[in-house]
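This report goes through a few parts of one structure. Look at the sequence and the model first, then read on.

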Amino acid sequence: MRSFDKFKIWVLLICLVSQLGHGFYLPGSYPHKYGVGDFLNVKVNSLTSIDTELPYSYYSLPFCQPQEGVKDSAENLGELLMGDRIENSPYRFKMYTNETEIFMCQTKPLSGEEFKLLKKRIDEMYQVNLILDNLPAIRYTRKEGYFLRWTGYPVGVKVQDAYYVFNHLKFTVLVHKYEETNVARVMGTGDGSEVISTVGKGESEAPGYMVVGFEVVPCSVQHAPGLGKNLKMYNKYPTPIKCDPTTVAMAIKENEPVSFTYEVNFVESDIKWPSRWDAYLKMEGAKVHWFSILNSLMVVTFLAGIVLVIFLRTVRRDLTRYEELDKEAQAQMNEELSGWKLVVSDVFRAPSNPSLMCAMVGDGVQILGMGVVTIMFAALGFMSPASRGMLITGMLFFYMILGVASGYVAVRLWRTIYCGDHKGWVSVSWKAACFFPGIAFLILTTLNFLLWGSHSTGAIPFSLFVVLILLWFCISVPLTLVGGYFGAKAPHIEYPVRTNQIPREIPPQKYPSWLLVLGAGTLPFGTLFIELFFIMSSLWMGRVYYVFGFLLIVMILLVVVCAEVSLVLTYMHLCVEDWKWWWKSFFASGSVAIYIFLYSVNYLIFDLKSLSGPVSATLYLGYSLFMVLAIMLATGTVGFLSSFWFVHYLFSSVKLD
């Protein structure tokens, strides 16, 4: 019982620390109680479109601005990197107070530039994203008898040659009565309410509500320009407004103003606080998603089992044959057969470009560790879609911390290759600290210039560039050097056999070995291509990705398959007396990145048909290149380390003359 109490205390401490640091967000762990009549402030996020993938500020279009002026909300590093720009809005509600025909503002007559920009954003299918109590506005549409869910609503619509703007919004806010026990239940402890601050007895008697849903219906309503001149914000509009989403009436014209209005209706719902994100996570295609993932896992497990059984039987048979024969029979076998035992004096010969290999393996360990830890935290609920930007922020944090592992692995591998010589370990550490971040910085800087030129909110501000450089050179690089120092002090891995000074000639091969290496990436690709579709849809189609538990399983299976594929390829090369296995073992599993990039191109052509303009396509391919580079380093590292262990084990387990 004591151990269970300690566990509960640790859970509470972790949750409280994350709460104080505004770090990880557990869906449902921050229930906000609103009294009847309390103000609810709606926020706006960047305008987004799957047609261009370029986010823009909400106030880049002629919309109504709040009376107190436009103010940025608190943002984290991940939000800025993702292009989110959350700002206040003029939409303001009173809890459980229904209101209709609320006047917002009447814009100035649209200038030629504003008119052209508004038409362009409508053509590019830009969506307006509103947020209430951390819930995005959701829109329901009926198509062929099915209800479709969308986050946000379109700026407007084009009908024939006329452009119509959605200038009236009908909001529905779903609320649930505040229950004080919700906090303890969500936090997972029976006595959590004693630790977390709660309202007093006097306050608890007053009726209170929590926001559990936020829906919007956009309408295009024709307002008389003269009626809005003398009205102030939040005044009652003098004429009734009928919101019919099936018809449009407010056509935009140059040198004519646009009036904006809204209405809000509060509905009490049975939805509990922890379940309020279910409407966003249960997007269309969820059943197909789960079935496809399960099917993929079964196929991959079956293939991995076959590879493992064949591999173990083959190696054990060879070891048994070599060890049971006497010396004369072994010599005769060596003359008749060409096998892995013939390259015993060359198998541990240093590869070409050893410092580059050490740096790439070190970076691969860092990226793989970051991915595993981040997905584990996300699967536990600490980085849910409700917490904007936390996934990217967590990835950056874990990547920097794991610089220690990168430096350690890179330098220890360097010392192993040179049989314990620690000279040059500082140079290897610097290469490990700068290889992948340097390439990533070059790619992202080039793409950022394109975003700057397009005036998109997706562009990283110059101040954030400075912050990223400081994080790189003030945290990541020093930690990598510290890891390299420990790697230089750690004992190197001793080879079980000696290496001759003169390298053995590799016999001519019947087929190019690199062709087999490139083809080996198909099996790892088969483990993740279904999951990859949903990840790509989340990144580029605006869908919510949330099944991190399945992603963790797929990642573990991917690591297993990469290791097995690399082991088989290494063994096959040794059997044909090809002792240059170092780089081939790396790229045997790392070649999965080639197929992922080809899949990305296929996704661009067939799934992102509406992606318009060279800038959008360049951004897509640039980010895809960045992604596949990281995957290549991570999967290649898995293949190399597993092959190194296998070769070391193989030649230390057999009797050598």
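## A pair of charged residues

Which side chains meet in a salt bridge with an N to O distance of 2.6 Å? They are those of Asp 346 and Arg 349. Both residues of this pair, Asp 346 and Arg 349, are buried. The model is a predicted one, and what follows describes that model.

## Other salt bridges

The count of salt bridges comes to six. Another of them joins the side chains of Glu 101 and Lys 236, with 3.6 Å from N to O. This pair links distant parts of the chain, as the two residues are 135 residues apart. Glu 101 belongs to strand E4 (residues 99-106), whereas Lys 236 is in the loop between strand E14 (208-219) and strand E15 (259-268). Glu 101 has a relative accessibility of 16% and therefore counts as buried, since the cut-off for buried is under 20%.

A further salt bridge is formed by the side chains of Glu 577 and Arg 504, at 2.9 Å from N to O. Glu 577 counts as buried because its relative accessibility is 8%. Arg 504, with a relative accessible area of 32%, is partly exposed.

## A sheet of four strands

Four strands make up an open sheet, and their order is E3-E2-E6-E7. The pairing in this sheet is antiparallel. E3 and strand E7 (135-136) are at the edges and have a single partner strand each, so one side of each has no neighbour in the sheet. In general, the strands of a sheet pair through backbone hydrogen bonds.

Strand E2 (residues 39-44) and E3 run antiparallel and are joined by five bridges. Phe 39 stands opposite Lys 94 in E3, and Asn 41 stands opposite Arg 92 in E3. How much of strand E3 (residues 87-94) is buried? Six of its eight residues are, so strand E3 is largely enclosed by the rest of the structure. Strand E3 is thus an edge strand of the sheet and also a largely enclosed one.

## Around Ser 513

Ser 513 is in helix H14. With a relative accessibility of 12%, Ser 513 counts as buried. Beyond its neighbours within four places in sequence, Ser 513 is in contact with His 573, Asp 578 and Lys 584. The C-alpha atoms of Ser 513 and Met 572 are separated by 9.8 Å, and these two residues are 59 residues apart along the chain.

## Around His 176

Where is His 176 placed? His 176 is in strand E13 (residues 168-177). At 8% relative accessibility, the residue His 176 counts as buried.

The side chain of His 176 has polar contacts with the backbone. A polar atom of this side chain is 2.9 Å from the backbone oxygen of Ser 269. The side chain of His 176 also reaches the backbone oxygen of Ile 271, at 3.3 Å. Leaving aside neighbours within four places in sequence, the residues in contact with His 176 include Ser 269, Asp 270, Ile 271 and Lys 272. Gly 208, Tyr 209, Met 210 and Val 212 are also in contact with His 176.

Conventions. Residues numbered from 1 in each chain as written. Predicted model: local features only at pLDDT ≥ 70, side-chain atom pairs only at ≥ 80, totals over all residues. Heavy atoms only, no water. Buried < 20%, exposed > 50% of the residue type's maximum accessible area, 1.4 Å probe, protein only. Pairing = 2+ DSSP bridges. Salt bridge = Lys/Arg side-chain N within 4 Å of Asp/Glu carboxyl O. Contact = heavy atoms within 4.5 Å. Polar contact = N/O pair within 3.5 Å; in protein donor to acceptor, adjacent residues only side chain to side chain.
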